[in-house]
Amino acid sequence: MKHLKYTICILAISLGFLSCSEDYFDVNSSVTAPTTQSLEPQYRIKGAIENMFTGILYRGSREILGVTQYGSQNNANYYSETWSSSFTTGRYFLWQNAYVYSLPNTADLIVLGKKHNSPNFTAVGKILRAYGFGTTTDQYGAIVFKETYDGESALNLTPKFEDQKTVYQGIIKLLDEAIVEIKQPSEIELNANGGDVFYNGNKEQWTRLAYALKARYLNHLSKKSSGDMAYDADAIIEACAKALQSNADNAFRSYGGGDAENDRQPYAAGGYGSSRVDYFSHFFVELLKNSLNLPVAYEDPRLKIIVPEAINGGYQGVRTGEGPLPDNATGGGNYSLGNGGHYTSAPAPTYMMTFSEVKYIEAEARFRKGDRPGAYAALKIGIQADFEKASASSMEAATYIAKMDAEIGATGLTLTHIMVQKYITLLFDPETWVDMRRMDYSNTIYPGLERPVNVNLTIFPGANDWIQGMMYEYNEEDRNYENMPDNSANVRLTTPLWWNVAE
């Protein structure tokens, strides 16, 4: 009971309560029970948005850097790179951050929007909630969905888990409802208190974000061929057409670049996640050295923008799980540091959804449909947008696309070309792990992809054995073991999620 009390105290604090008394457990009558009555929605929207970055996007990305292989550690055998120790004991904190910090804020925003006759806030709450549930289920599979905190019902300490298909149906429903509600008149404007740090109250841009997320989750169903959740290329293309229209619609969080770690891009030097990306990975750096996968390597101009030059010159990444080899007195002078590039400088933005991703989703859908010219056109628009996002010059973008036109073109287009470009634009985003699993970790799709050095051979003995999901956290297992699916490491880490099973 003591453990449970502390767990709820954490939840209470996240919801804005300053005390945790004995009668907190009497959630039907206690004055200290969770409530949404204290603040109007315009004072909650900023926190709801920003908690998606700290609690979902960052936490969802940091432990899987050794899976997505963007960055590498300063030492060998780091647990998240070799999928061992803490990975096998449920000490991975997306779950706690999602359910204690991020999702409760979205629930309150939905309730407050209804209470104050302001459905625009309800819509934003549902869009953010869909993203939070989506990222969480994509890492774990079955999750708590219907019985989690909703801002209205009594808090349930032992909620039931829902299978991933049910969660996905719920996510699409949330987004469809939000698309309707964002257009409705509200008594309080979205940016009434300056809290809409995404779009400054622009409802059309929120609508585009909802469609972008809908396209993302529908695209995850590429292995589903039957039933009401079968892959539908036309539905994805339609959603993309209504989604983000340019980089001006990108959903991102800015940072001031100050001394405080929470005022710096998380993976920048001095950011709260900087130690997770000591160096860029060997795989990522080598991919940028020939991102078009041409017989004669053609260096991507974004290499020198994203990846810092090594102290000893050149660009070289550290192999995941190996750590830097002792090449000089400092032990890492030949390798490119993980912070200081365009996306890892202190004031660099962190992106939740981008126009370039939307175009790559469209390109994949058109490619699967057999529309190579349409897929190639969408791919080129996405590349142009990503070059702009990376602050590359127009000449660099034009030269790169011209090279692609000359040596690949629509007739030579493969899924590799689409997924590599998407991999680059999704730098540090947990969405990349979804793609890698959908693509079966193929080193044809991702040229040069290898399992980490020193990988955990007890659970992943075969050369083609890759991690498929995360273990539920130990605090959930302690409290709710009767409802939790099998949480043994050899099951959780190796069992493909629902959307990754062909049917």
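How many nonpolar, polar and charged residues are in the lining of the largest cavity? That was my starting point today.

**Ground rules.** I am working on a predicted model, where local features need pLDDT of at least 70, side-chain atom pairs count only at pLDDT 80 or more, and totals for chains, interfaces and linings use all residues. Residues are numbered from 1 along each chain as its sequence is written, and side-chain values use heavy atoms, with hydrogens and water left out.

**Largest cavity.** I searched the whole structure and got two cavities of 30 Å³ or more (a cavity is a set of points, on a 1 Å grid over the protein atoms alone, where a 1.4 Å probe fits but cannot get out; lining residues have an atom within 4 Å of a point). The largest holds about 270 Å³ of space (the volume filled by probe spheres set on the points). Its lining has 15 nonpolar, six polar and three charged residues. Of the 24 lining residues, Thr350, Tyr351, Leu427, Phe428 and Asp429 lie nearest the centre. I noted that α2 gives the largest share, five residues.

**Second largest cavity.** Here I found about 70 Å³. Asp429 turns up in this lining too, with Tyr131, Arg216 and Trp433 also among the residues. By class, I get five nonpolar, two polar and five charged.

Most residues other than glycine have a negative phi, so I looked up two exceptions. Glutamine 69 has phi near 60° and is buried, at 4% relative accessible area (buried is under 20%, exposed over 50%, with a 1.4 Å probe and protein chains only). Serine 391 also has a positive phi, about 60°, but is exposed at 55%.

Conventions: 1 Å grid on protein atoms, 1.4 Å probe; cavity = no way out; pocket = protein on both sides within 12 Å on 5 of 7 lines; lining within 4 Å. Helix = DSSP H or I, 4+ residues; strand = E, 2+ residues; numbered from the N terminus. Nonpolar A, V, L, I, M, F, W, Y, C, P; charged D, E, K, R; others polar.
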